[in-house]
Amino acid sequence: SPTKAVYNARHWNQPESEALPAPPVLKTPSVPVRLSSKEAIHKDDGVFKAPAPPPKVIKTVTIPTQPYQEIVTALKCRKEDKELYTVVQHVKHFNDVVEFGENQEFTDDIEYLLSGLKSNQPLNTRCLSVISLATKCAMPSFRMHLRAHGMVAMVFKTLDDSQHHQNLSLCTAALMYILSRDRLNMDLDRASLDLMIRLLELEQDASSAKLLNEKDMNKIKEKIRRLCETVHNKHLDLENITTGHLAMETLLSLTSKRAGDWFKEELRLLGGLDHIVDKVKECVDHLSSDENEEKLVASLWGAERCLRVLESVTVHNPENQSYLIAYKDSQLIVSSAKALQHCEELIQRYNRAEDSICLPDNKPLPHQNVTNHVGKAVEDCMRAIIGVLLNLTNDNEWGSTKTGEQEGLIGTAMNCVLQVPKFLPQEQRFDIRVLGLGLLINLVEYSARNRHCLVNMETSCSFDSFCTGEGDDSLKITGQIDAVQALVQLFLERERAAQLAESQTDELIKEAPTAQHDKSGEWQETSGEIQWVSTEKPDSTEEKDKKEEDDEELDLNKALQHAGKHMEDCIVASYTALLLGCLCQESPINVTTVREYLPEGDFSIMTEMLKKFLSFMNLTCAVGTTGQKSISRVIEYLEHC
C-alpha cells in the first residue's frame, strides 16, 4: 500500500505505542453517464447506466480535535522507522536567557524594596527594607546592577527624612557604609552627600534612646554588625555601631578621585570639612593620653585617614585651603603641629629601623621589641600630617605664617630632615626627608618671620654625616651647630655622593668589552682539513649559559640600585640648595651666613645643581608650574650674589 501522510500527535496526548486508527476511505460516488448513439444499448427504457469505474483510494489525514494543540508534521517511513521534525527558529541563546533572568530578578527586587522605603510605610517596614537592601548590596553583582541603573541617588532620595528617626538613620548609615566598600565611584550626588553629613551630625541622645524599644534597637545593631562582618571593615569598630560612626567611616572612605571634583567644593559648602577637622582634633588629643597600644594605633589611624581626605580636597584648591586655615582660628594647623611633635616622640619609642644603623658614638639604636604595626601607624600619620601642611603652605603667605607661628614646628620639621630618618626603615628615609625639606621651603619662601627663625636656630647635624668610611673628614662636625651650617653640610655631602655615583657610571659606560679567548674547543687538522673540535660537554655549556644569564641579571640589579641611589642624592641636594636659596632671598645677612659655610664662598655649586634639577622637572612635569618658577627665581638670584 502507498505511504500515507499522517499527523504525529504529542506523546502526552496520544502515546506512540498505541496504534493509529485506520483512516476512513472515501469512494467516488456513481455518476450517470449518457452513452453515445453507437455505444447505447437499447433496453426497455432505451438507455443503460454506464458501469461505475473502480474505486480510487484518496490519501487523507486525521486532525486532532484537542484545542490549542501544537501540530507537528512528520513523515513516517516503514522501512527506516524514522520521524523527521521541523526546526523551530529564533531561539534565544542560553547566556541571553540567563542575563534576561538576572535583570528581571534585579528589577523585581529593587521595585519591591523601593516600595518598602517610601515615607508612607510604617517605620518598622522601612527599617527592614533598608536592612534587606543593604544585605543585597553586600553582593558585588547587585551593587553593579544598582549603579548601572542609576538607582543609588533614588534610594537616598527616598530616605531623605531618615535623620528624624534614630533607628532608620542607623539603617541608612549602614547602607551607605556597605555601598562605600567598593573601589569604584560611589555615584553620590549633592543630596546624598547632604544626607550623609546630616547623619554625621546626629548625637547619641540617651533620653531619646529610652523612648525607643531597646530590644528592637539591639536587634537592628546585631543585624548591622553581622552584615558589616561580611565586607571589608578594617577601620570599623564593630562594638561601636552608631549612626555617626558609620557615617564618618563612609565619608573618610571617599576622596575627590572616587567622588569627582565637585566633591571638593560641596564638602566645604555642606559642612563636611568641619566634622573632619573636629575628628582630627579628637584623635590628636588622645595621642597624649592613650597608653594602650591598640588605642594608640586607633587614634593614629583615625587622624591619618582624616588627614588623607583633607590632603585630597586641598590640592590645587585655594578656597578649601583658605577655609581650613581660618576655621576655628587655625584649629587644623594647631592640631597638625601637635600631632607631628607627638609622632616625633613616638617614632623613637616604636622605631622600625635596622639595628645595623651607623651612629657617631657607635652605640646601637634603641629598638623596641613591639609589634611593627605601631611604628608603621606613626610613620603613616607623619606623612599625612606633612602632606596637609604642604598644601596649606604652598604659595600661601597666610598659611606659611600661621604654620610657622606654632611653637616648635620649624624645629620639628628640621628634625624630620636631619634626625627622624634614622628611626625609619631604609626604604622610608628618603620620603620623610624630602617631605620635611619641602615643608621648610614652603615656610620660608614667603615669610620673613620664618626665615629669621630658621637662620637663628641651632640643631644637630644629619645623623648619617658621622658614618665612618668614605668621605672628607673636613665635613665632619659634632655637637650643636647653626641650622644653616647643618643644611650646607647636608647639601655638600649629597652633592659629592651624586658626583661620585655619576663618575662611576661614566666609567662603566666608557669601559669597552674585551674579547675573551674561546676555550670551548680547538682547531684540529684531520684528513687534510682544519675543523673546530669542541672540548666541552653539553651539560657544561648549558651551565655556562645559565651562569652568564645570572651574572647579567645581577649586574642589571646593581645598576638599578646604583641609579636609584644617585637619583635620591641629587633630589635631596637640590631640595637643600633650594631651601638655602630661599633663605638668601631679600636678606643680605643670610647671604653672608650661607656663603660662610660654602667652599670658597661660591654659590656656583648650588646653581649648577639647581639647573640640573630644573632640567629634570621640565622633562617630567608640565612647563610653567609654580615649583619651576620658584627654582628659576632662586637660580637667577644666586647668580647675581
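Biologist: Is Arg633 buried or partly exposed, and what makes you say so?

Modeller: Keep in mind that this is a predicted model. Arg633 has a relative accessible area of 34%. Buried means under 20% and exposed means over 50%, so Arg633 is partly exposed.

Biologist: How do you know that Arg633 forms a salt bridge with Glu445?

Modeller: Look at the closest N and O atoms of Arg633 and Glu445, which are 2.8 Å apart. The cut-off is within 4 Å, so the pair counts as a salt bridge. Arg633 sits in helix α25 (residues 626–639) and Glu445 in helix α19 (residues 426–445), so this pair ties together parts that are 188 residues apart in sequence.

Biologist: And why is Glu445 called buried?

Modeller: Its relative accessible area is 8%.

Biologist: What makes Arg190 and Glu266 a salt bridge?

Modeller: Here the closest N and O atoms are 2.6 Å apart, and the limit is within 4 Å, so Arg190 and Glu266 qualify. Arg190 belongs to helix α6 (residues 190–200) and Glu266 to helix α11 (residues 262–269), so the pair ties together parts that are 76 residues apart in sequence.

Biologist: How do you label Arg190 and Glu266, buried or partly exposed?

Modeller: One of each! Arg190 comes out at 43% relative accessibility, so Arg190 is partly exposed. Glu266 is at 15%, so Glu266 counts as buried.

Biologist: Why are Arg383 and Asp380 said to be separated by about one helical turn?

Modeller: Because they are three residues apart in helix α16 (residues 372–393).

Biologist: How many salt bridges and aromatic pairs turn up in the whole structure?

Modeller: A search finds 19 salt bridges and three aromatic pairs. Among the aromatic pairs are Tyr323 and Tyr327, with ring centres 6.1 Å apart and planes at 25°.

Biologist: Why is the pair Tyr323 and Tyr327 called stacked?

Modeller: Rings pair if their centres lie within 6.5 Å, and planes under 30 degrees apart count as stacked. Tyr323 and Tyr327, at 6.1 Å and 25°, meet both conditions, so the pair is stacked.

Biologist: Which of these two tyrosines is buried, and how do you know?

Modeller: Tyr327, with a relative accessible area of 12%, is under the 20% cut-off. Tyr323 is at 28%, so Tyr323 counts as partly exposed.

Notes. Residues are numbered from 1 along each chain as its sequence is written. This is a predicted model: local features need pLDDT of at least 70, side-chain atom pairs count only at pLDDT 80 or more; totals for chains, interfaces and linings use all residues. Side-chain values use heavy atoms; hydrogens and water are left out. Rings of Phe, Tyr and Trp (its six-membered ring) pair if their centres lie within 6.5 Å; planes under 30 degrees apart count as stacked, over 60 as edge-to-face and the rest as tilted. Buried means under 20% relative accessible area, exposed over 50%, partly exposed in between (1.4 Å probe, protein chains only). A salt bridge is a side-chain nitrogen of Lys or Arg within 4 Å of a carboxyl oxygen of Asp or Glu. Helices (H or I, at least four residues) and strands (E, at least two) are DSSP runs, numbered from the N terminus.
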